[in-house]
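Here is a short report on strands, salt bridges and a pocket. Keep the structure open as you read.

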Amino acid sequence: MAKSKIKKNDIVLIISGKSKGKFAAVLATDSKNQTVTLKDINKKTKHHKPSQENQEGKIEKKEYPVHVSNVQFLLKKGAQNQKSVGTKIGWKIDNKTGKKIRVMRKVNKPVAE
């Protein structure tokens, strides 16, 4: 399985769905299902019935995962009346260290880790 291009704590731009155009931080990634969980995006309400352990039920709001194809790495936040700009992420071998690094393809610069 390929290495994930989106990592935890990255800021991403949502490119499809009802939150299109917003940006959020990545809370968790799941490489097996190719999903990411984003802060305050795709929130759903989960109702828990009362049980033996929990005498009172509760209503919980929780972020659910979004497929990785619906997000892009955030290159530039949009100013007033302007759109935010996203970019694809690629890989490059660093000549000095010989390590594999993530690169923003639109501007051909390494991602600050």
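Met 104 stands opposite Lys 109 in strand S11. Met 104 belongs to the strand pair S10 and S11, where S11 covers residues 109-110. These strands run antiparallel and share two bridges. Four residues lie between them in the hairpin. There, Asn 108 takes a positive phi near 55 degrees. This is a predicted model.

**Strand pairs**

Strand S10 has another partner. Strand S9, residues 89-93, pairs with S10, residues 100-104, in the antiparallel sense. Five bridges join S9 and S10. Trp 91 has Arg 102 in S10 as its bridge partner. Six residues separate the strands in this hairpin, and Gly 98 among the residues of the hairpin has a positive phi near 80 degrees.

Now turn to S2 and S3. Strand S2 spans 23-30 and strand S3 spans 35-38. The two pair in the antiparallel sense over four bridges. Asp 30 has Thr 35 in S3 as its bridge partner. The hairpin of S2 and S3 has four residues between the strands. In this hairpin, Gln 34 takes a positive phi near 55 degrees.

S3 also pairs with strand S6, residues 66-67. That pairing is antiparallel too, with two bridges. Val 36 stands opposite Val 66 in S6.

Which way do the side chains of S3 point? Thr 35 and Thr 37 point one way, while Val 36 and Leu 38 point the other way. All four are buried.

| Hairpin | Residues between the strands | Residue with positive phi |
|---|---|---|
| S2 and S3 | four residues | Gln 34, near 55 degrees |
| S9 and S10 | six residues | Gly 98, near 80 degrees |
| S10 and S11 | four residues | Asn 108, near 55 degrees |

**Salt bridges**

How many salt bridges does the structure hold? It holds two salt bridges. In one, the side chains of Arg 102 and Asp 10 meet at 2.8 Å, N to O. Arg 102 lies in strand S10, and Asp 10 lies in the segment before strand S1 (11-14), so the pair ties together parts that are 92 residues apart in sequence. Are these two residues buried or exposed? Arg 102 is buried, and Asp 10 is buried as well. Recall that Arg 102 is also the bridge partner of Trp 91.

The side chains of Lys 43 and Asp 40 meet in a salt bridge at 3.7 Å, N to O. Lys 43 has a relative accessible area of 44%, so Lys 43 counts as partly exposed.

**The largest pocket**

Rolling a probe the size of a water molecule over the atoms shows where empty space is left. The largest pocket holds about 400 Å³ of space. Its lining has 21 residues. Lys 3, Ser 4, Lys 5, Ile 6 and Val 68 lie nearest the centre of the pocket.

Which strands supply at least two residues each to the lining? They are S2, S3 and S7 (71-76). S7 gives the largest share, three residues. What kinds of residue make up the lining? Eight are nonpolar, eight are polar and five are charged.

**A record for residues 5-32**

An unreviewed UniProt entry carries the annotation "domain: KOW" over residues 5-32. Over residues 5-32, the chain is 0% helix and 43% strand. The end C-alpha atoms of this stretch are 13 Å apart.

Technical notes: Residues are numbered from 1 along each chain as its sequence is written. This is a predicted model: local features need pLDDT of at least 70, side-chain atom pairs count only at pLDDT 80 or more; totals for chains, interfaces and linings use all residues. Side-chain values use heavy atoms; hydrogens and water are left out. On a 1 Å grid over the protein atoms alone, a cavity is a set of points where a 1.4 Å probe fits but cannot get out, and a pocket is an open set with protein on both sides within 12 Å along at least five of seven lines; lining residues have an atom within 4 Å of a point. Grid points are joined across faces, edges and corners, and a volume is the space filled by probe spheres set on the points. Ala, Val, Leu, Ile, Met, Phe, Trp, Tyr, Cys and Pro count as nonpolar, Asp, Glu, Lys and Arg as charged, and the others, Gly among them, as polar. Two strands pair if DSSP finds at least two bridges between them. Buried means under 20% relative accessible area, exposed over 50%, partly exposed in between (1.4 Å probe, protein chains only). UniProt positions are given in the numbering used here, feature names are shortened, and annotations may be inferred rather than shown by experiment. A salt bridge is a side-chain nitrogen of Lys or Arg within 4 Å of a carboxyl oxygen of Asp or Glu.
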